[in-house]
Amino acid sequence: MTTKNKLKINIGPQHPSTHGVLRLVLELEGEIIKSCEPVIGYLHRGMEKMAESHTYLQYLPIVDRIDYLSGFFNSFAYCNAVENLTQIEVSKRSQYIRVLTMEMNRLSSHLLWLGTFLLDMGATSPLFYTFRDREVILSLFEELTGQRLMYNYYTFGGLRHDVSSDWLDKITDFVKIMPKKIQDYENIITNNPIFTTRTKNIGIMSKNSALQYSITGPNLRATGINVDSRKTIHPFACSPIQLIYPELDFQIPTAQNGDSFDRYKVRVEEMKACLKLISQCVDWLKSNSGEVISPIKQPLLKVPEGEFISNVEAPRGVCSCYVKSDGSTKPYRVKWRTGSFYAVQILPKLLENAFYPDLMAIFGSLDVILPEVDR
Amino acid sequence: MEYLYFLYIELLHKYNLPEFIGMTTFPLLPFCVVAVALILVVLFLVLMERKVLAFFTQRKGPNRVGPWGLFQTIADAIKLLCKENITPTGAEKFMFNLAPLLAFVPVMVIWGLIPFSSEFDFMSYSVSALLFMTIASIPILGILLAGYASNNKYSLIGSFRAVAQAISYELPLVFVLVSVVVLASSLNLRQIVLAQISVYPFCGWFIFPAFLGFLIFFICATAELNRCPFDLPEAESELVSGYNTEYSGMKFAFFFLAEYAMMFIMCAFMATLFLGGFLSPFGFYLSEKFINNTFWAQISVYFEQVFWLFLKTFFLIFCMMLVRATLPRLKSNQLMGFAWKVLLPLSFLNLFFICCYKYFIYAK
C-alpha cells in the first residue's frame with residue numbers, strides 16, 4: 001500500500017473526472033504527485049481492424065464513433081481520403097456545408113469541454129449553461145441529419161442531402177445570440193480569481209516538449225506555435241476542403257505560456273472564430289446553389305490501388321486518417337491519428353510535482369476524450 | 001417551562017405512571033422535539049438547495065414526488081433506509097459504524113442552544129456561545145474516523161483535508177466570536193441577542209460594527225461546513241466523494257443529515273450573532289400591533305420571533321447556495337494560505353477595532 005511515505009492511488013477507470021475510462025496510477029507524497037502512469041485501452045473497440053472486414057461504405061457510419069463529440073471531423077477525414085484515392089470531385093456547395101457543420105461541431109465540442117472542465121474544478125453551474133447552448137447545436141444537427149452525435153452525413157463525393165434555407169435561418173439566429181453567451185462565460189470564469197490562480201502557471205507545456213510529444217490543436221497553439229491545418233496546407237494531404245478555408249476570413253488564436261489558463265483562453269477564442277466561420281459559410285450557402293448529392297451510386301465502391309493520408313483540424317488536434325487500398329471493395333488498412341492520444345502521453349510530464357488538485361486543472365484543460373485515445 | 005413540566009406530570013398521572021419517570025424523562029423531551037424539528041427542517045433544506053441550484057442553472061429541480069417536489073427528500077430518505085448496510089472488507093468495523101454517529105449526535109445537541117425567542121429556549125447557559133463552538137467541533141472527529149476506518153485512500157485523503165481545514169478555519173471563527181462577545185459583554189446567546197436591541201430598528205445589530213467580522217465568519221462557516229468553494233474534503237472530481245465514499249444507506253444518510261443540519265445551525269448561529277437573532281427588523285413585533293388580546297399577542301410574539309430567526313437563517317443559507325452555484329473549488333494549499341495569511345490577521349484587526357469601538361463609542 002505505502003512505500004516510503006508514498007501513497008499509490010488509482011484514479012479510474014471509473015472516476016468522475018477522467019471523462020470516460022482512463023486509469024491513472026499516481027504516486028502521492030502528501031498531496032504532491034510524484035509520478036503518474038496513464039493506463040489506456042479500456043475503451044478499445046478495434047476501430048482500425050474493423051475497417052478491414054467492412055466495405056468502404058459500411059465503415060462510414062462507424063468512424064463517427066471514434067470521437068463521439070466531433071463525429072463530423074472523423075467522417076470528413078475518412079471521406080476525404082477515399083475521395084482522393086478514387087479521384088471524385090466534391091462540389092463547392094457540399095464543401096461549404098461540410099465546413100459549416102464541422103465548425104458547428106467544433107463549437108459544440110468546445111462547449112462541452114468548457115462545462116466539464118469547470119465541473120472538474122468544482123464549479124457546477126457552467127456545465128448547465130454550456131449544455132444549454134450545446135443543446136441548440138445538437139437539435140440543429142438532429143434536424144439536419146436525424147442524429148445528435150453519430151451523424152453519418154457525409155458520403156464519398158458529397159453529402160446525403162442538401163440543407164434547407166429554414167435550417168440556415170436558424171443558424172443565423174443562433175450565431176446572433178451566441179457571442180453574448182460566450183461573453184457571459186468569460187465574465188464569470190476568466191476573471192474569477194479562484195479560477196485564475198488555479199490555472200495560471202499550472203501544467204506549463206514548453207514549446208519544445210509540445211513538439212517532441214507531437215501535440216496538436218489548441219494545446220499546441222496555447223504554447224505559442226501557430227500551426228493549424230486549416231491555414232497551413234499539409235504537404236501530403238492536399239484535400240479539396242483546404243481550398244475552402246483560404247476563402248474564409250478567420251484568425252487562429254494563440255497564447256504564450258502554454259499553461260492551463262492559456263489552453264482555456266485559446267479554446268474560448270476559438271469558439272468566437274468558429275462563429276465567424278459559421279456565419280460566412282451561411283452567407284455563402286444562402287447566395288449560392290449547387291449539387292451536393294454524390295455522383296457515386298453503387299454501394300460496392302471499388303477504390304483504386306494506392307494510399308492516402310488526409311488531415312483535418314479536429315477540436316482536439318489534428319485528426320488524420322490513413323487509408324491503403326489494394327483495389328478491392330474493402331480497405332486493406334485504415335490507421336487513425338487523433339489528438340487526444342498525444343495529450344495523454346504528455347500527461348505524466350505535466351503532472352510531475354504538481355499538487356493533487358492540479359490534476360483536474362491540467363487533465364481537464366488538455367481536453368482528452370477517451371474513445372479517441374483507445375479507438 | 002415549569003408549567004409544561006406540571007402538564008407532563010399530570011399526563012403521566014393519568015396513565016398511573018410514577019413521578020420519577022416524569023422527572024427523568026422530562027429533560028429528554030426538548031431533545032426529542034429539537035431533533036424532530038431539525039430533521040424536518042433539514043429535509044426541506046435539501047429540497048431548497050436542489051430547487052435553488054436548479055433555479056440558478058435554468059432547470060426545474062425535483063418536481064415529480066408530491067406537489068412541487070415537496071416529498072422528494074422523504075422519498076430519498078426512505079430509499080436510503082431500505083438500502084443494504086455495507087461495511088467494506090478491511091474496514092475497522094466498530095469505528096466505521098461509530099463515525100456517522102459521532103458526526104450526527106453533536107449536531108443534534110447544539111441546535112438546542114440557539115435562542116428561538118426571548119422567553120423560551122431549550123438549553124440556556126451562561127457560556128452557551130462557548131459551548132456551541134466546543135460541541136460544533138466534535139463532528140470533525142467523526143469525519144476523521146470515517147476516513148481512517150474506511151480502508152479507502154480517497155476517504156483517507158478527504159478526512160485529512162477536512163481536519164486540516166477545520167483546524168485552520170476554527171481560529172478566525174473563534175476570534176470573530178470573541179469580538180461579538182466583547183460587544184455583548186456576555187457569552188449567553190440570548191443575552192447576545194438582547195444586547196442588539198436599540199432605539200432605532202435593526203441599527204443595533206452587530207453586523208454594523210462588526211461587518212468585517214461577519215464576512216470572516218461567513219467565509220469560515222462555509223469552510224467549516226465543507227461547502228463550495230471549500231468543499232475539498234468531498235471534492236467529487238478528485239476524491240470521488242471524500243470521507244464518505246464507502247458509506248451507503250443509513251450511515252451515509254447520517255453524514256448527509258449532519259452536514260445539512262450543521263449548515264442550518266451555523267446560519268442560525270450567524271443570524272443570532274450578527275443579525276439580531278429573533279429580533280424583528282422593524283423594532284416592534286407585528287403581532288403586538290395587530291392582535292388586541294394581550295395573552296394571544298404574547299403567544300404570537302414568540303412564534304413571530306421564531307419566524308424572524310428562520311427568515312434570517314434562510315437568507316444566509318440562500319447566500320451560501322448562491323456562492324456554491326458561482327464559484328469553483330479552491331486548492332488545498334490556497335485554502336490554508338487564505339486561512340492563515342488573510343483571515344486570521346483580519347480577524348485580529350476586527351477584534352482590535354471592536355474593542356476600540358466598545359471602549360470609545362458603544363460604552364457611552
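Colleague: How many residues does the contact take from chain A and from chain B?
Modeller: This is a predicted model. Two residues count as in contact when their C-beta atoms lie within 7 Å. On that basis the contact takes 23 residues from chain B and, from chain A, 26 residues.

Colleague: Which element of chain A gives the largest share of the side that touches chain B?
Modeller: Strand S2 (6-11), H4, helix H5 (125-145), helix H7 (193-199) and helix H12 (358-366) of chain A each supply at least two residues of that side. The largest share is four residues, and the element it comes from is H7(A).

Colleague: By class, how many nonpolar residues does the side of chain A that touches chain B have?
Modeller: The side of chain A that touches chain B has four charged residues and seven polar ones. Its nonpolar residues number 15.

Colleague: Why is chain A as compact as a globular protein of its length?
Modeller: Chain A has 13 helices and nine strands. Its C-alpha trace spans about 65 × 45 × 35 Å along the principal axes. For 375 residues the globule rule gives 21 Å, and chain A is as compact as a globular protein of that length because its radius of gyration is close to that value, at 21 Å.

Colleague: What percentage of the contacts in chain A with a separation of 6 or more is between residues 24 or more positions apart?
Modeller: Of the 375 residues in chain A, 49% are buried. Among contacts in chain A with a separation of 6 or more, the part from residues 24 or more positions apart is 71%.

Colleague: Leaving aside neighbours within four places in sequence, which residues is Leu100(A) in contact with?
Modeller: Leu100(A) is one of the residues with the most contacts inside the largest core. With neighbours within four places in sequence left aside, its contacts are Ile278(A), Cys281(A), Val282(A) and Leu285(A).

Colleague: In S9(A), which residue is the bridge partner of Cys321(A)?
Modeller: Strand S8 (residues 317-325) of chain A runs antiparallel to S9(A), and five bridges join them. In strand S9 (residues 333-337), Arg333(A), Lys335(A) and Arg337(A) form the uncovered face, while Val334(A) and Trp336(A) form the covered one. The partner of Cys321(A) in S9(A) is Trp336(A).

Colleague: In S8(A), which residue is the bridge partner of Gly306(A)?
Modeller: Strand S7 (residues 306-314) of chain A pairs with S8(A) in the antiparallel sense over nine bridges. A hairpin through two residues joins S7(A) to S8(A). Gly306(A) has as its bridge partner in S8(A) the residue Ser325(A).

Colleague: How far apart do the C-alpha centres of domain 1 and domain 2 of chain B lie?
Modeller: Chain B is divided into domain 1, residues 1-82, and domain 2, residues 95-362. The distance between their C-alpha centres is 20 Å.

Colleague: Which helix gives the largest share of the side of domain 1 of chain B that touches domain 2 of chain B?
Modeller: The contact takes 18 residues from domain 1 of chain B and 15 residues from domain 2 of chain B. Helix H3 (28-56) and helix H4 (72-82) of chain B are the elements that give two or more residues to the domain 1 side. The largest share of that side is 14 residues, from H3(B).

Conventions: Residues are numbered from 1 along each chain as its sequence is written. Chains are lettered from A and ligands numbered from 1 in the order in which they are written. This is a predicted model: local features need pLDDT of at least 70, side-chain atom pairs count only at pLDDT 80 or more; totals for chains, interfaces and linings use all residues. A nonpolar core is a set of buried Ala, Val, Leu, Ile, Met, Phe, Trp, Tyr and Cys residues joined through C-beta atoms within 7 Å. A residue is buried if 20 or more other C-beta atoms lie within 10 Å of its own, exposed if 12 or fewer, and partly exposed in between; C-beta atoms are placed from the backbone. Ala, Val, Leu, Ile, Met, Phe, Trp, Tyr, Cys and Pro count as nonpolar, Asp, Glu, Lys and Arg as charged, and the others, Gly among them, as polar. Two strands pair if DSSP finds at least two bridges between them. Domain bounds come from an automatic or database domain assignment. The radius of gyration is taken over C-alpha atoms; the globule rule is 2.2 Å times the number of residues to the power 0.38.
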